[in-house]
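I open this notebook to record what I looked up in one structure. The entries are brief and follow the order of my reading.

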Amino acid sequence: MSTQVDPRGPRFAAGVTSAVLVAVLVTGWWPLLAAQAVVFALGGFAGLRLSPYSALYRAVVAPRLAPTAEREDAAPVRFAQTVGFGFAVVGVLGYVFEVTALGAVATALALVAALLNAVFGFCLGCEAYLLINRLSIKQRKVGTAR
């Protein structure tokens, strides 16, 4: 059985992530992007419950919201966090090795994905996860009568 999450939590996290990524783009301060990469890594590799933004949502935001029965699978969200980690690492490497354009472009792409989720509730990484699963050979064999 897969883990289910309140869909408002990832959207909140996307909003915080967007603010962090805007700060990185404005300042070019790569340690902040490295910290965001750690947040992405925790959410993607260790689980959403260990992400600091998820903990912040559970402790501060969720108690102030009306309860919801709506839940979504955590796997696509974790995949999106992993993709975000990849972009953040590329961005950090770009800034560290003074290929600022690479750092800025990688950060901007991560920002676009985070903003899509925060503003419109459209999780680009989650959609990629679902598309990859639909196109995978393993998935086609499961449940297909031959």
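**Ground rules.** I am reading a predicted model, in which local features need pLDDT of at least 70, side-chain atom pairs count only at pLDDT 80 or more, and totals for chains, interfaces and linings use all residues. Residues are numbered from 1 along each chain as its sequence is written, and side-chain values use heavy atoms, with hydrogens and water left out.

**Helix H3.** I took helices as DSSP runs (H or I, at least four residues), numbered from the N terminus. Which residues of helix H3 are buried? In H3, residues 52-61, I found Tyr53, Ser54 and Tyr57; buried stands for under 20% relative accessible area, exposed for over 50%, and partly exposed for what lies in between, with a 1.4 Å probe and protein chains only. These residues lie on the same side of H3, because they cover an arc of only 105° around the axis. The arc is taken from the directions from the helix axis to the C-beta atoms. I noted that the buried residues of H3 pack against helix H1 (8-27) and helix H2 (30-46).

**H1 against H3.** Two packed helices are described by the angle between their axes and the distance between the axes. For H1 and H3, I read axes that come within 9 Å and cross at roughly 115°. The axes are lines fitted to C-alpha atoms, for helices over the stretch in contact, with angles from 0 to 180 degrees between N-to-C directions. I then listed the contacts (heavy atoms within 4.5 Å). On the H1 side they include Gly9, Phe12 and Val16, and on the H3 side Tyr53, Leu56, Tyr57 and Val61. I checked Gly9 of H1 and found it buried, with a relative accessible area of 10%.

Returning to Val24, I recorded contacts with Trp29, Leu32, Leu33, Tyr95 and Thr107, residues up to four places away in sequence not being counted.

**The disulfide.** How many disulfides does a search of the whole structure find? The search gives one, a disulfide being a pair of cysteine sulfur atoms within 2.5 Å. Cys123 and Cys126 form it, with their sulfur atoms 2.3 Å apart. Cys123 is buried at 14% relative accessible area, and Cys126 is buried at 10%.

**Two single residues.** Is Phe85 buried or partly exposed? Phe85, in helix H4, is partly exposed, with a relative accessible area of 25%. Leaving aside neighbours within four places in sequence, I found Phe85 in contact with Ala37, Phe40, Ala41 and Phe45. Phe85 and Phe45 are 40 residues apart in sequence, and 9.7 Å apart in space from C-alpha to C-alpha. Last, I looked at Glu98, in the loop between H4 and H5. Glu98 has a phi near 60°, a positive value in a residue other than glycine. Glu98 counts as exposed, at 70% relative accessibility.

Technical notes:
Helices (H or I, at least four residues) and strands (E, at least two) are DSSP runs, numbered from the N terminus.
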